[in-house]
Amino acid sequence: MPELRTDRLLLRRWRDSDLEPWAAMNADPEVREHLGGLLTREQSDAAVAFMQAEFDNRGFGWWALEARETGEFIGRVGLDEVDEDMPFAGVDIGWRLMRSAWGHGYATEAALACLAFGFEALGLPEVVASTTVNNVRSQAVMRRIGMTRDAADDFEDPSVPEGPLRQCVLYRTPAEMLTAYTTKRDAIAPS
């Protein structure tokens, strides 16, 4: 599993010490607001085991996100294959951070590193991102990293029951934007 470094962040393999703060994130109603119900400790632990196995099998997936200055676990970020039941295909980028890490530009910084990895190391032709229509914070990150939305691509998530989490937006970005990502990434987190 490759590690990615930015000026402030380390995207790394999951550690046992991440399990407790990860479970706390998944039990936080504000963190889970656009994701569905809260997760138990067992569900959170199982998610880490699954994410780690998927990364090992594919060579990409969800990294644990660490603040380099403090060594503190602050969330996850990564690339994942879009589920087969979705109305679009490809590789999806995403992030989930502890509330204490919100508003510091960490999601943008980490997402730019993931995009560069996806385009440079994996040779992906495109990366997509989706979220609920009301998740304006994640949509702002998508725009900051240069992704664009076509309202014609918006969709209802078939894995979600009727309700406010079912209506979703889809953002896209092609590999041709690699130079723009590298420039943005370097401007945000110079090495």
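**View 1. Trp22 is a buried residue, with 1% relative accessible area.** Here, buried stands for under 20% relative accessible area and exposed for over 50%, with partly exposed in between (1.4 Å probe, protein chains only). Before you look further, please note that this is a predicted model: local features need pLDDT of at least 70, side-chain atom pairs count only at pLDDT 80 or more, and totals for chains, interfaces and linings use all residues. Residues are numbered from 1 along each chain as its sequence is written, and side-chain values use heavy atoms, with hydrogens and water left out.

**View 2. Aromatic rings pair up in this model, and a search of the whole structure finds five such pairs.** In one of them, the ring centres of Trp14 and Trp22 lie 5.2 Å apart with the planes at 75 degrees, so this pair is edge-to-face. Rings of Phe, Tyr and Trp (its six-membered ring) are paired when their centres lie within 6.5 Å; planes under 30 degrees apart count as stacked, over 60 as edge-to-face and the rest as tilted. Trp14 counts as buried at 8% relative accessibility. Another edge-to-face pair joins Phe55 and Trp63, with 5.0 Å from centre to centre and 70 degrees between the planes. Both partners of that pair are buried: Phe55 has a relative accessibility of 1%, and Trp63 has 0%. Ring pairs also link Trp14, Trp22 and Phe73 into a cluster.

**View 3. Two arginines place their charged ends over aromatic rings: Arg58 over Phe60 and Arg76 over Trp62.** The charged end of Arg58 is 4.6 Å from the centre of the Phe60 ring. For Arg76, the distance to the centre of the Trp62 ring is 3.7 Å. A charge is taken to sit over a ring if NZ of Lys or CZ of Arg is within 6 Å of the ring centre and within 35 degrees of the ring normal.

**View 4. Helix H1 (residues 19–26) is largely enclosed by the rest of the structure, because six of its eight residues are buried.** Helices (H or I, at least four residues) and strands (E, at least two) are DSSP runs, numbered from the N terminus. Cover is judged by contact, meaning heavy atoms within 4.5 Å.

**View 5. Helices H1 and H2 cross at roughly 120 degrees, and their axes come within 9 Å.** The axes are lines fitted to C-alpha atoms, for helices over the stretch in contact, and the angles run from 0 to 180 degrees between N-to-C directions. This crossing is right-handed. On the H1 side the contact is made by Leu19, Glu20, Trp22, Ala23 and Asn26, and on the H2 side by Arg41, Ser44, Asp45, Ala47, Val48 and Met51. The loop between H1 and H2 holds Gly37, which counts as exposed at 51% relative accessibility. Gly37 and Ala27 are ten residues apart along the chain, and their C-alpha atoms are separated by 8.7 Å.

**View 6. Helix H4 (residues 136–144) has buried residues at Ser138, Gln139, Ala140, Val141 and Met142.** Among the elements covering the buried residues of H4 are S5, helix H3 (106–120), strand S6 (126–132), strand S7 (148–149) and strand S9 (167–174). After H4 comes Gly146, with a positive phi near 90 degrees.

**View 7. Glu69 and Asp153 are both loop residues: Glu69 lies between strand S3 (62–67) and S4, and Asp153 between S7 and strand S8 (155–156).** Glu69 is exposed, at 80% relative accessibility. From Glu69 to Glu30 is 39 residues in sequence and 25 Å in space, C-alpha to C-alpha. Asp153 counts as partly exposed, at 25% relative accessibility. Asp153 and Phe88 are 65 residues apart in sequence and 8.5 Å apart in space, C-alpha to C-alpha. Leaving aside residues up to four places away in sequence, Asp153 touches Leu170 and Arg172.

**View 8. Cys114 and Cys168 are both buried.** The relative accessible area is 0% for Cys114 and 7% for Cys168. How many disulfides does a search of the whole structure find? The search finds zero, where a disulfide is a pair of cysteine sulfur atoms within 2.5 Å.

Technical notes: Left-handed = near helix turned anticlockwise from the far one by under 90°.
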